[in-house]
Amino acid sequence: MRKLVLAQLPVPPPTAQAATGNVPLAAGMLSVALEQNSLPIDVEVLDPNITDHYGDQAILEDLEKRDLDYLGFSLYLWNSERSLFLLQEFQKRNPNAKTFLGGPEVHSDNSHLFQNLTDAYRIQGEAEESFVAIMKSILEGQPPQHPNLLHPIVTGK
């Protein structure tokens, strides 16, 4: 079965062991939406114990061990730069995996998402319905089409 991990990085903590308040609600909602629609995919929300305490290299190593087909990040003001960096590094190491971006920072006037990340599906707005439709198309081997899917997708992976 195909594997998908959805992740949300925390607000940078003021000290090494400070609580971050990182609760990946959007990732959890997307996971439930995929499950309710019976898509043939194993979905996991990356544990905040990993995202909140691991460094970038350790997160990448953890993701590589999972042998993922898909990886998605929720982008917020506080985690966009780091999320984009991790997604780019993941893409370099896993060129056949498909990647996704969602969250409040994903919108058509955010040119940073188009300049610095070439091979990711960018989904704007409330994504429970749109992500299910997009994943269904991908799983069926069809190019996804949805009004919430921003273009350009350089390679259309």
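1. What share of the contacts in the protein chain with a separation of 6 or more comes from residues 24 or more positions apart? The share is 67%, where contact means heavy atoms within 4.5 Å.

2. On the basis of the note: this is a predicted model, in which local features need pLDDT of at least 70 and side-chain atom pairs count only at pLDDT 80 or more, while totals for chains, interfaces and linings use all residues. Residues are numbered from 1 along each chain as its sequence is written, and side-chain values use heavy atoms, with hydrogens and water left out.

3. Overall make-up. The protein chain has 6 helices and 6 strands; helices (H or I, at least four residues) and strands (E, at least two) are DSSP runs, numbered from the N terminus. Read from the N terminus, the order of the elements is β-α-β-α-α-β-α-β-α-β-α-β. The radius of gyration is 15 Å, close to the 15 Å that the globule rule gives for 157 residues, so the protein chain is as compact as a globular protein of that length. That radius is taken over C-alpha atoms, and the globule rule is 2.2 Å times the number of residues to the power 0.38.

4. Extent and burial. The C-alpha trace of the protein chain spans about 45 × 35 × 30 Å along its principal axes. Of its 157 residues, 46% count as buried. Buried means under 20% relative accessible area, exposed over 50%, and partly exposed in between (1.4 Å probe, protein chains only).

5. Helices α3 and α4. The axes of α3 (residues 56-65) and α4 (residues 80-93) come within 10 Å and cross at roughly 45°. That angle makes α3 oblique to α4. Axes here are lines fitted to C-alpha atoms, for helices over the stretch in contact, and angles run from 0 to 180 degrees between N-to-C directions. Angles under 35 degrees count as roughly parallel, over 145 as roughly antiparallel, 65 to 115 as roughly perpendicular and the rest as oblique.

6. Residues between these two helices. On the α3 side the contact is made by D56, Q57, I59, L60, L63 and E64, and on the α4 side by R82, F85, L86, E89, F90 and R93. By class, the contact of α3 with α4 has 6 nonpolar, 1 polar and 5 charged residues. Ala, Val, Leu, Ile, Met, Phe, Trp, Tyr, Cys and Pro count as nonpolar, Asp, Glu, Lys and Arg as charged, and the others, Gly among them, as polar.

7. The loop between α3 and β3. D67 is found in this loop and has a positive phi of about 50° although it is not a glycine. D67 counts as exposed, at 57% relative accessibility. D69 has its place in the loop between α3 and β3 (70-74) too, but is partly exposed, with a relative accessible area of 23%. Leaving aside residues up to four places away in sequence, D69 touches M1, R2, K3, A97 and K98.

8. Where is S38 found? S38 is in the loop between α1 (25-36) and β2 (41-45). Its phi is near 55°, a positive value in a residue other than glycine, and at 61% relative accessibility S38 counts as exposed. S130 lies in helix α6 (residues 128-139) and, at 1% relative accessibility, counts as buried. Not counting residues up to four places away in sequence, S130 touches I123, H146 and N148.
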